[in-house]
Amino acid sequence: MLHGDLDQPARLSVADLRGWAQHRAAVTFDCATSGPQHHVFEGALLREVVGDAGPAFDARRRKDRSRFLLAVSGGDGHHTVLSWAEVDADFGDSPVLLATRLDGTALDAAGAQLVVPSDRCGARYVSAVTEVWFGAPYPPAPPEPVPSVPVGAVPVRARAGR
């Protein structure tokens, strides 16, 4: 389930996620219980999936985009949070995936997996993704005030030497 501050929330299957361009990530991460893990994941970029759902920010205002979060939950009760700025191409540009394949095997039965290739440990890899929430914990910043100048007034400029 993709929901939150979106124009078009959706329920997406692994097969649906294959409708987006598929990206490949060969990753190595340290697992606290079983040591280094080496895998190849394929899937849709999280930013493209959320971007197509119509995120409720002003795309022209970078600071507006930077206040949004993504909360991802898995079928085993595992949860993680990312900032939109981590995945946004104008900021961190991290190629976070909603993986549809793991080491060449389709994840249709197991469910999509969140993959954060830049992480050294696998704690933010979420298996069997059940939901992705997108939203902002803070209200938008007010627009910058524009100084008012009375009609017909000429702005005063500082003179050199004063």
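Salt bridges and a strand pair, questioned

Guide: In this predicted model, a search of the whole structure finds ten salt bridges.

Visitor: What makes the pair of arginine 120 and aspartate 30 a salt bridge?

Guide: The closest N and O atoms of arginine 120 and aspartate 30 are 2.8 Å apart, and because a salt bridge asks for a side-chain nitrogen of Lys or Arg within 4 Å of a carboxyl oxygen of Asp or Glu, the pair counts as one. Arginine 120 lies in the loop between strand E8 and strand E9, whereas aspartate 30 lies in strand E2, so the pair ties together parts that are 90 residues apart in sequence.

Visitor: Why is arginine 120 called exposed?

Guide: Arginine 120 has 62% relative accessibility, and exposed means over 50%, so arginine 120 counts as exposed. Aspartate 30, at 33%, falls between the limits of 20% and 50%, and therefore counts as partly exposed.

Visitor: Why is arginine 67 called buried?

Guide: Arginine 67 has a relative accessible area of 15%, and buried means under 20%, so arginine 67 is buried. Its salt-bridge partner is aspartate 64, with the closest N and O atoms 2.7 Å apart, and aspartate 64 counts as buried at 6%.

Visitor: How do you know that strands E2 and E3 pair?

Guide: Two strands pair if there are at least two bridges between them, and E2 and E3 have nine bridges, in the antiparallel sense.

Methods
Residues are numbered from 1 along each chain as its sequence is written. This is a predicted model: local features need pLDDT of at least 70, side-chain atom pairs count only at pLDDT 80 or more; totals for chains, interfaces and linings use all residues. Side-chain values use heavy atoms; hydrogens and water are left out. Helices (H or I, at least four residues) and strands (E, at least two) are DSSP runs, numbered from the N terminus. Buried means under 20% relative accessible area, exposed over 50%, partly exposed in between (1.4 Å probe, protein chains only).
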